[in-house]
Amino acid sequence: MEIKQAVIETDHLSYCFRGGEKVLDDINLSVPAGSIYGFLGPNGAGKTTTLRLLLGLLRCENPGIRLFGHQLHTSRIEIMRRTGSLIEQPSLYLHLTGQENLEVFRRAYDCPKSRAEKVLSITGLSNAAHKKVKAYSLGMKQRLSIAVALLHDPELLIMDEPTNGLDPNGIIEIRELIRDLSQNQGKTVLVSSHLLTEVEKLATHVGIIHQGRLLFQGTLAGLQNLQRQQSLLEIEVDKLTRAEQILSTHFQVLPKHGFAVQVVCPDADQAALINYMLVSGGVRVSRLGVAGNDLEKLFLQIISA
Amino acid sequence: MKTRFLANTWAEFIKTKRSFALWLTVLAAAFIPAINAFILLERPEILLTKFEQTPWLTFCRFNWKNVAAVILPMYIILITNLVVQIEFRNNTWKQIYASPRSFADIFFSKLLVIQFLVPCYIICFDCFVILSGLLVHSINASYKLVIESIDWKNLLLISSRIYLGSLAISVIQYWLSLRFRNFVIPLGFGLGLWITGIILMDWDKSIYYPYVYSAFMFFINFDKEPAKLIVLLVSSITALVLALIASFFDISRLAEKG
Ligand SMILES: Nc1ncnc2c1ncn2[C@@H]1O[C@H](COP(=O)(O)OP(=O)(O)O)[C@@H](O)[C@H]1O
Ligand SMILES: [Mg+2]
């Protein structure tokens with residue numbers, strides 16, 4: 001595998017909001033150049049907080065954040081010239097038209113007028129350019145936000161849940177757009193999501209964050225490999241709670257659903273041991289088998305570890 | 001650097017397009033001259049004698065009286081809030097702070113928009129005063145408010161003194177508006193500070209209280225007490241500089257930007 005320089009690096013990044021507990025704990029992000037990095041985690045995991053820190057929107061004494069190899073707190077302006085961003089809900093002037101919105105930001109980025117037309121056509125908004133943003137649908141607002149992020153033709157795009165709240169069609173459109181930006185224009189994209197299926201379809205690299213901790217970081221292939229190594233046993237029993245009690249002393253038991261307990265089992269040979277433990281504990285086992293293991297389950301496994 | 005700042009300031013002006021800012025400026029400016037034209041025309045028997053000596057100066061003071069103490073501070077509180085709220089309401093601070101602009105650029109370009117609108121308001125108001133005077137004269141010629149005798153010098157003098165007196169308030173209100181996302185807080189603070197000022201006006205230490213400067217600039221008779229003009233000028237400028245420094249550093253050190 002070729003070694004690519006990381007465009008974004010954080011060094012033991014921790015953060016707490018004023019008076020609150022730690023929201024981020026020891027995050028060592030490394031986003032390789034040219035990658036689509038899927039930043040995955042359930043709601044409240046700390047994705048937005050991390051991305052806001054990367055953009056310098058949260059004050060942090062010594063964040064140890066490097067973008068393009070430069071320290072964020074010393075070269076913020078240089079870095080922002082090369083970075084486009086979209087954080088959480090659309091950040092647009094509703095009383096202005098799409099075109100006027102771009103005009104406002106175009107002046108901040110100092111790029112030629114032709115760029116505004118270009119990004120409108122990239123995001124398919126040329127026809128709505130003279131409509132007030134107030135009258136845009138959510139999908140159009142989201143696309144205009146992406147247009148703003150693309151105005152200065154940045155090398156790096158940081159997007160926080162860009163498909164949140166969109167219909168399936170809108171989701172596909174934005175996914176195609178991101179893929180195109182990455183493959184045909186060589187941009188590095190950091191995109192957060194709380195949906196594994198989204199990340200799985202798009203990303204080349206994945207970082208999984210939960211409760212402020214980065215639990216996995218690597219290529220998508222690496223994540224899929226990990227999934228193959230770990231198997232998940234599904235056991236149907238008559239006394240669920242008792243079974244959980246017995247097994248949790250030796251194994252990692254997943255939150256139950258239905259009439260079965262699920263146990264993470266590094267190798268399937270331990271099925272006999274599990275059966276023995278349950279039976280001698282007075283639990284009747286009616287079925288014991290390897291569960292169909294997919295990424296979704298692995299994701300649950302990783303974040304409940 | 002300088003051209004970037006100008007471009008960004010221009011962008012700040014684009015943002016006020018279709019907002020209520022221009023209407024507020026024109027309506028607030030027209031309010032008092034309109035009422036006063038009405039009063040003059042309704043009550044000539046009482047007022048005519050007062051307007052005999054220096055009709056324009058009297059009419060000008062007649063109008064500025066309400067504006068210096070009440071309308072201008074209110075206008076500043078409202079317009080500052082309105083301009084800053086454009087960003088909060090649209091969740092756009094994060095996009096601004098994530099663009100390649102220095103904090104000073106962001107801070108001063110918006111302040112400049114407000115500092116453009118306030119003189120605009122004053123100029124509009126002065127124009128309306130003249131129009132209102134001319135209108136009164138055209139209906140009731142005994143008022144002698146004719147074009148040829150307009151007291152430009154005093155109008156300019158009063159206007160610029162009051163503007164100078166109002167500078168510190170507008171920076172303090174800018175600070176409050178940037179500090180609090182909820183627009184009720186800077187509004188409430190502003191009104192509270194202003195009313196306190198009206199109450200404190202007779203107090204001998206009120207020279208340390210910026211919210212009364214514009215009223216003082218009008219109500220003190222500087223022909224009788226010229227020394228007070230110097231004191232007031234120095235206080236106004238000192239308060240402006242202090243408010244600028246304090247707000248700049250406070251806002252630049254906010255924990256969360258957008
Ligand atoms: N402005 C804030 N002040 C205090 N706590 C916050 C703030 N924003 C987020 N948090 C907390 O930080 C944690 C992470 O939030 P966030 O980064 O928004 O998560 P995500 O984007 O992954 O859903 C949550 O527990 C949230 O309650
Ligand atoms: Mg979020």
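A polar contact is a pair of N or O atoms within 3.5 Å; within protein, one must be able to donate a hydrogen and the other to accept it, and residues adjacent in sequence count only if both atoms are side-chain atoms.

**Before I start**

I am working with a predicted model, where local features need pLDDT of at least 70, side-chain atom pairs count only at pLDDT 80 or more, and totals for chains, interfaces and linings use all residues. Residues are numbered from 1 along each chain as its sequence is written, chains are lettered from A and ligands numbered from 1 in the order in which they are written, and side-chain values use heavy atoms, with hydrogens and water left out.

**Entry 1: ligand 1**

I looked up ligand 1 and found it between chains A and B. I listed the residues around it, where "near" asks for a residue heavy atom within 4 Å of the molecule. Among them are Phe17(A), Val23(A), Lys47(A), Thr48(A) and, from the other chain, Glu256(B).

Then I checked some distances. A polar side-chain atom of Glu256(B) is 3.2 Å from a nitrogen atom of ligand 1. On the chain A side, Thr49(A) places a polar side-chain atom 2.5 Å from an oxygen atom of the ligand. Ala45(A) uses its backbone instead: an N or O atom there is 3.2 Å from a ligand oxygen.

**Entry 2: where the two chains meet**

Next I turned to contact, which means heavy atoms within 4.5 Å. Chain A brings 33 residues to the meeting and chain B brings 31. The area buried between them is about 3,000 Å², with 51% given by carbon and sulfur atoms; buried area is the accessible area (1.4 Å probe) that two parts lose on being put together, summed over both. In chain A, the residues that lose the most area to chain B are Leu57(A), Arg59(A) and Arg107(A), together 22% of what that side buries.

I counted salt bridges too (a side-chain nitrogen of Lys or Arg within 4 Å of a carboxyl oxygen of Asp or Glu). The rule finds 4 of them across this interface. I noted the pair Arg4(B) and Asp110(A), whose side chains meet at 3.2 Å, N to O. From chain A, helix 3 gives the largest share of the side that touches chain B, 7 residues.

**Entry 3: Glu87(B)**

Helices are DSSP runs (H or I, at least four residues), as are strands (E, at least two), numbered from the N terminus. Is Glu87(B) buried or exposed? It is buried, because its relative accessible area is 0%. The cut-offs are under 20% for buried, over 50% for exposed and partly exposed in between (1.4 Å probe, protein chains only).

Its side chain makes a polar contact with the side chain of Tyr93(A) at 2.6 Å. Leaving aside neighbours within four places in sequence, Glu87(B) also touches residues of its own chain, including Lys15(B), Trp93(B) and Lys110(B).

**Entry 4: chain A as a whole**

I stepped back to chain A, which has 11 helices and 16 strands. Of its 305 residues, 53% are buried. Its C-alpha atoms fill a box of roughly 75 × 45 × 40 Å along the principal axes.

Finally I visited Gln301(A), in helix 11 (residues 295–304). Gln301(A) counts as buried because its relative accessibility is 3%. Its C-alpha atom is 16 Å from that of His250(A), 51 residues away along the chain.
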